[in-house]
Amino acid sequence: MTENLTGSARTILESNLLGATCARVCPVQELCEGACVLGKDHKPIMIGRLQRYAMDHLHGDIARMLRIAPSTGKKVAIIGAGAAGLSCAGELAKAGHSVTLFERRPMPGGLSTYGIIALREPVDVALAEVEMIRQLGVQIETGIQVGRDIAFNELQARFDAVFLSAGLGATPSLNIPGQEYVLDGLDYIERSKIDRQSLSIGRQVAVIGAGNTAIDCATVAARLGAERVTIIYRRTQTEMTAYPHEYEFIRKEGVDFRFLTQPVRILHDGANVIGIECLRMSLSEPDETLRPRPRPIAGSEFTIAADQVVKAIGQQKPSLIALLALDSVRGYVKVNSEFETSLAGVYAGGDCIRSSGSASTVMAVQDGKLAARAIHQRLMAREERS
C-alpha cells in the first residue's frame, strides 16, 4: 500500500481519459468484479470504487500529468461530445493533432452530462472531465449541429479526418392512443439533473421499458417522491436488457414490475393521466433480436392506475446515416476493423455503431481510444508518403 493516489490516477488516465466517469458508471458487477475467478468464497476487489477514489483525488490542472507529443500539423474534426468523442479527441490531442469537437447541445459530455442520473454521475463530474479534455488542447464548440449550422463537406475540406460520435436519437413513439401524455425517459432524467424545478413527479408513476434507462427513470421517480412506481415490460425478467444488479437495486427501492404486459392505450381525463390500458402477453418464437417474440393474449385487457407515464423503450437510429449516405447495419453506422465508415477518412464510434450486443459508456470510451489510434496511424502514414 503506497498511498500514491496521484501516481494511481496518472496510470488510469494513461489508459482511460474518462476514468472518473467509468469509475462511476462501468458495470463492474458484470465485467471485472463479476468475472472474478476466486469464486463465491471470496469478495472481489472493488475495482470501480478504488478507481473512483484515485480519480476524485485529482484537482486542477490534470492535463499537466499527461505527455503530449509535438504538433503534427494535422487537423481532426469530431462530431458529438459524448464518451466516444471526448475519448477520441483527448487521445488525438495527446498524439499532437489539432482537434475541434462539435457538439449540438449547450453543454458537452453527452449522456454523462444529461442522461445518467445524478445518483451515479453528477453534472460537475462530467463537466470536469470535459475541462480536462480542453486542457489537452481540444477546441470544443457547442450549439453546432452538422447539417444545420455547418455543412459536412465543409468539415471534410477543413480537416484531415472526421470522427462521428453522434450517439442515437430520440425515444421512439409508442404508437398507441394517448401517447401525447407520455413523458420521454431521457428528458425525465435530464430535467432531474439540469432543471429539477421543471420536473413534476407523479404520485403513481409507470415506466414503460426494462432497460437501464427505464431503471434510471424509476429511480428518479422513487427517490423524488412518487408513492408507487411500476415498471411495465412486455417480456419477462429473463429478456430484460437492464443489468441484473440494476434489477436487484430497483427492487430494493420498492419498485414493482409488471412483466408480460403491453400498454395499448393511455387513459386520461382531459390533460390528466389516470391509467394505462394493457394486454397480457405470451412469448413465442425468437425475433430479430433473438429474444422470444411477445404475442397478445386475446381478451386479457386490464388497467394499471397511473397519473404519470414515462417511456424508456430505446432510441431511434442515428440520423447521420441518411444525411451522409453511409453504409449501415440494422440501422447503425457500419465501420471496418479500423472504425472507418464507407466514406474514406470518416470514422465512427460509440452507440451509433453498436448494431449488436449491449452498449455502454466504457465501450464508447474504448471505441474512441481505438479509433484515435487508427486515425493517427493513417495520418502519419500519409505524412510519410508525402
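Rings of Phe, Tyr and Trp (its six-membered ring) pair if their centres lie within 6.5 Å; planes under 30 degrees apart count as stacked, over 60 as edge-to-face and the rest as tilted. The model is predicted, so local features need pLDDT of at least 70 and side-chain atom pairs count only at pLDDT 80 or more, while totals for chains, interfaces and linings use all residues. Residues are numbered from 1 along each chain as its sequence is written, and side-chain values use heavy atoms, with hydrogens and water left out.

First stop: select Tyr 247, Phe 257 and Phe 259, which ring pairs link into a cluster. The centres of the Tyr 247 and Phe 257 rings are 4.9 Å apart and their planes stand at 75°, so this pair is edge-to-face. Phe 257 and Phe 259 have ring centres 5.3 Å apart and planes at 20°, so they are stacked. Phe 257 is buried (under 20% relative accessible area; exposed is over 50%, partly exposed in between, with a 1.4 Å probe and protein chains only), at 16%. Phe 259, at 25%, is partly exposed.

Of the 10 residues in H8, 7 are buried, among them Leu 186, Tyr 188 and Ile 189.

Methods. Helices (H or I, at least four residues) and strands (E, at least two) are DSSP runs, numbered from the N terminus.
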